[in-house]
Amino acid sequence: MTQETAAATTDAVLDREETISRDELEALQLSRLQHTVAYAYDRVPLYKRKFDAAGVHPTDLRELSDLGKFPFTTKEDLRLEYPFGMFAVPQHEVARIHASSGTTGRATVVGYTKKDLADWAKLVARSLRASGVRPGMKVHNAYGYGLFTGGMGAHAGAEALGCTVIPISGGQTERQITLIQDFKPDAILATPTYLLTIADAMIKQGIDPASTSLKYAVLGAEPWTEEMRHELEVTMNLKACDIYGLSEVMGPGVAGEAVETQDGSHIWEDHFRPEIIDAFDPSVVLGDGEPGELVFTSLTKEALPIIRYRTKDLTRLLPGTARPAHRRMGRITGRSDDMIILRGVNLFPSQIEEIALRIPELSPHFQLELTRPEGHRMDQMTVKIERRDTVTIESGTAAAKVLQQQIKIHVGSSCTVDVVEPGSLERSNGKLRRIYDMRPKG
């Protein structure tokens, strides 16, 4: 830890809930959980129907483990109740509405009361502070604004922390670079792949990304690996930490990573109760340390309480470190709905990223193409990945063979690797698309 990072961790004034004991936290959780399930049952028709169908009642929740008796909420539930059927308050009490893009189906709509917005801003501020951001710092916010929760959620949290916010949003990479140089922000908020896009564009302009004023990057909205963290920290000479959230649960700020440990995001369990379930047998609730699908129940939300929401994110729960009472999330290894099944082998894009970034000749820019050639019964995967600027075509070809072998060894699947010219693959302006499925439908 550098002296600067050490100083950043000692001058922070923590919320009281960040410092309480695990026993105190679990007592608070139980009280808030009992209120939330009763509140949802009384105010949201979907929950009354689901609880009644499952034969459970809010009074059945006497201890934290009883939460497993209650039914799950899924993205499909929110879609079926579109637009406002999940709201637990009358319309005039809803201060703001956000929604998903709807690119994979009908949009999911979420709402917030004024108290919800205040709680959200407080938790984003807590997450930013944990990641090294301090009051008075200039914060360059490159998350997208609009119906997506990232931009406005991060903005409100940075303001609540007492920062000066630069609301650039996503895209317009050349302008992003100009403002970073001119305004000299201390921290940047973005997706990890978009920060990589900014760094690459700086290099093309002849700017050393390590020479900017940026000291901290708080990155989220997509899974990323330790190898990607190392790439960004070395390239840009900053500390990069994770922030986690999803709109159905709140938005960014459900969990945040501490800059002094950088060992996974602490879940703010005074506002959310996490569980890990077996992704293939959801009735099984797994213990801490066991990998599975992350499930969340909100404890304080008014407009849209959420009970046992299946996130599809695959991770595990670990003991708290920098915030001992609050458990940490392990790295998200992928999403169950992003899992590729290739000839009986399960794999995730993050596995390819982890392997590729250990090969010095290869860049972090890659795509996975899935095909089933005519006349073939077996699916095929091609990894298209850029070589680094300083690497020759011959060296890139040799690196392709290494990557192909390493994927076979560590993932267990054969694939084709196509090393392409630097800068030839699509760059991220927000969330990056990694998988291109060109297999015949039906």
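Student: Is C163 buried or exposed, and what is its relative accessibility?

Tutor: The model is a predicted one. C163 counts as buried, because its relative accessibility is 11% and the cut-off for buried is under 20%. C415 is buried too, with a relative accessible area of 8%. As for bonding, a disulfide is a covalent bond between the sulfur atoms of two cysteines. The cysteine sulfur closest to that of C163 belongs to C241 and lies 14 Å away, too far for a bond, since a disulfide needs the sulfur atoms within 2.5 Å. The count of disulfides comes to 0.

Turning to the strands, β20 covers residues 380-387 and is mostly covered, with 6 of its 8 residues buried. Strand β19 (residues 362-371) pairs with β20 in the antiparallel sense over 7 bridges; here L362 stands opposite R387 of β20. Strand β21 (residues 416-420) pairs with β20 in the parallel sense over 5 bridges, and E386 has V420 of β21 as its bridge partner.

Helix α8 (residues 192-204) packs against helix α9 (residues 226-236) at an angle of about 35°, and their axes are 11 Å apart. The crossing of α8 past α9 is left-handed. On the α8 side the contact is made by P192, T193, L195, L196, A199 and M202, and on the α9 side by M228, E231, L232, T235 and M236. These contact residues divide into 8 nonpolar, 2 polar and 1 charged.

Terms used:
Residues numbered from 1 in each chain as written. Predicted model: local features only at pLDDT ≥ 70, side-chain atom pairs only at ≥ 80, totals over all residues. Heavy atoms only, no water. Axes fitted to C-alpha atoms, helices over the stretch in contact; angles between N-to-C directions. Helix = DSSP H or I, 4+ residues; strand = E, 2+ residues; numbered from the N terminus. Left-handed = near helix turned anticlockwise from the far one by under 90°. Contact = heavy atoms within 4.5 Å. Nonpolar A, V, L, I, M, F, W, Y, C, P; charged D, E, K, R; others polar. Buried < 20%, exposed > 50% of the residue type's maximum accessible area, 1.4 Å probe, protein only. Pairing = 2+ DSSP bridges.
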